[in-house]
Amino acid sequence: MRARKRPSVFPPPAGRTQGKGTGVLAATVCCKGVAIVHDVYDPAELQPASQRAGTQEVAFRRVVERAITVSPALRQALEAAGVSPERVTLADLPRIPLLKKESLPGRQGEAPPWGGWLARPLADVRRIFVSPGPIYEPEGRMPDYWGFAPALFAAGFRRGDIVLNTFSYHLTPAGAMFDGALEALGSVVVPTGVGNIEIQVKTLQDVRARGLIGTPSFLALVLDKVGERGARSSLEVGFVSGEPLSESLRTDLESRHRMRIGQAYAIGDIGLIAYECSQRTGLHVAERVVVEIVDPATGARLPDGEMGEVAVSFLSDLYPLLRLGTGDLSRIAPGSCACGRTSARLERIFGRVGDAVKVRGIFLHPHDLDRAMARYPEVARYQAVVTRREHQDELTVRLETGGPQTRLGGAVADSVREVTRLRAIVEVLPPGTLGPNEKKLVDLRKWD
Ligand SMILES: [Zn+2]
């Protein structure tokens, strides 16, 4: 049998070998001369940042050279940036206009099915997925096309593990994304898909599955059902995506069911973007993409640590999307990670750009306000209002308490400041002032 192609877009560094799904034990030497062994799926995860920049530059050049004659969309993107295909480098990315995710249905409608971004012959596409929009997503024929194997490995999934894949196997790509990665790892897949909770639970127990992949809420549901049967779950590792994983849910599930739960950030157009390691210091950016944090209005790249929209360029021969504006808000986490992976890390996904309001240069999202208010169960309702006075943004949090008015104002203001880094004026209102359907974050600023 022919040897399988490596899942990474990069060739293995000389002197290192990798068994399929077994990971790599690579030693790095720390400051005191003590060798620390790091266990990763792909040795590229441990390469020095300068080496990564070089490898990604080579990959990007190769992608552009191949795609320029066959992808009209890539050609137009470079033209709009005023850079020549022969000389373009990754340093030119910020000059390329953002490709907004919400514009994809329209662009794909004009040039079906992929808006002119497909850069290989149709015969190189294995499947076409259909996500809400509709947005059509091509899946290439290479092993682990969606790139999840390093993320699953980091979460503790191994060769020979029996794993329930509870994501949908039709229309949207989530099921196929993990199926391909599990095959690359050498795990044993039970393709259960969504729903059928009773069958899922019985199957899990019958086959003694070690891993489960799905949404956090579905994982919680399955574990509850196993508990109802008075049985102990065989699950040791879980991997969740598709919705936010709250730390309280994770802590609860991990302690009650003696398992570890990992997570990743991915999108249907590209697959894996960033993933968590055992240190849980954020989400390591995958080797297969270039991630920028940008101003959603102008597309300008923001300095590390500033909150902005996640824009992703896909180093893919098949579907080389450049600067796809995901609509998700994040920022680069500071410092390095003790796990040995050297990639930049996204702190977490803070919400959607559309729901956020920029106040004094800081993105404020309703989720942040919810987190600040969660500490005060006596707050029955609240509404944050952004206004502008004498050319300064003002944030006012109006709240109602369930019982008699208490002296909450100062404490809530402190909590808002801690979570959002914004100073707020807090007004405690008589009960019944705020309607049940009022928006939690209102922008009343006028700019004309
Ligand atoms: Zn790490």
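Is Arg280 buried, exposed or partly exposed? Select Arg280 to begin: with a relative accessible area of 27% this residue is partly exposed, where buried means under 20% relative accessible area, exposed over 50%, and partly exposed in between (1.4 Å probe, protein chains only). This is a predicted model, in which local features need pLDDT of at least 70 and side-chain atom pairs count only at pLDDT 80 or more, while totals for chains, interfaces and linings use all residues. Residues are numbered from 1 along each chain as its sequence is written, and side-chain values use heavy atoms, with hydrogens and water left out.

**Backbone stops**

Stay with Arg280, which is found in the loop between β11 and β12 (283-285) and has a positive phi of about 55° although it is not a glycine. Helices (H or I, at least four residues) and strands (E, at least two) are DSSP runs, numbered from the N terminus. Next select Asp144, in the loop between β5 and α4 (149-154), where phi is near 45°; Asp144 counts as buried, at 5% relative accessibility. Most residues other than glycine have a negative phi, and most peptide bonds are trans. Then go to Pro112 and Pro113, which are joined by a cis peptide bond with omega near -5°; Pro113 lies in the loop between α3 (104-110) and β4 (125-131). Another cis bond, with omega about -5°, joins Gly133 and Pro134, and Pro134 is placed in the loop between β4 and β5 (135-140).

**The eight-stranded sheet**

Now display the open sheet of 8 strands, ordered β7-β6-β8-β9-β10-β11-β12-β16 with mixed pairing; two strands pair if DSSP finds at least two bridges between them. β7 (188-190) and β16 (345-346) stand at the edges with a single partner strand each, so one side of each is left without a neighbour in the sheet. Within the sheet, β8 (residues 211-214) pairs with β9 (residues 237-240) in the parallel sense over 4 bridges, and Gly211 stands opposite Val237 in β9. Helix α8 (residues 247-257) packs on the sheet, where this helix touches β10 and β11 and its direction makes about 140° with that of β10. Axes are lines fitted to C-alpha atoms, for helices over the stretch in contact, and angles run from 0 to 180 degrees between N-to-C directions.

**The nonpolar cores**

Select Phe148, Phe157 and Phe239, the residues with the most contacts inside the largest nonpolar core, which has 75 residues. Such a core is a set of buried Ala, Val, Leu, Ile, Met, Phe, Trp, Tyr and Cys residues joined through side-chain atoms within 4.5 Å. Helix α5 (residues 174-185) gives the most to this core, with 8 residues. Leaving aside neighbours within four places in sequence, Phe148 is in contact (heavy atoms within 4.5 Å) with residues including Met177, Phe178, Ala181 and Phe239. A second, separate core of 24 residues includes Val359, Ala372, Ala384 and Leu441.

**The four-stranded sheet**

Finally, select the open sheet of 4 strands in the order β22-β21-β20-β23, whose pairing is mixed and whose twist averages 20° from one strand to the next. Strands β20 (residues 379-389) and β21 (residues 392-401) run antiparallel and are joined by 10 bridges, with Val379 opposite Thr401 in β21. Helix α9 (residues 366-373) lies across β20, β21 and β23, running at about 130° to β20.
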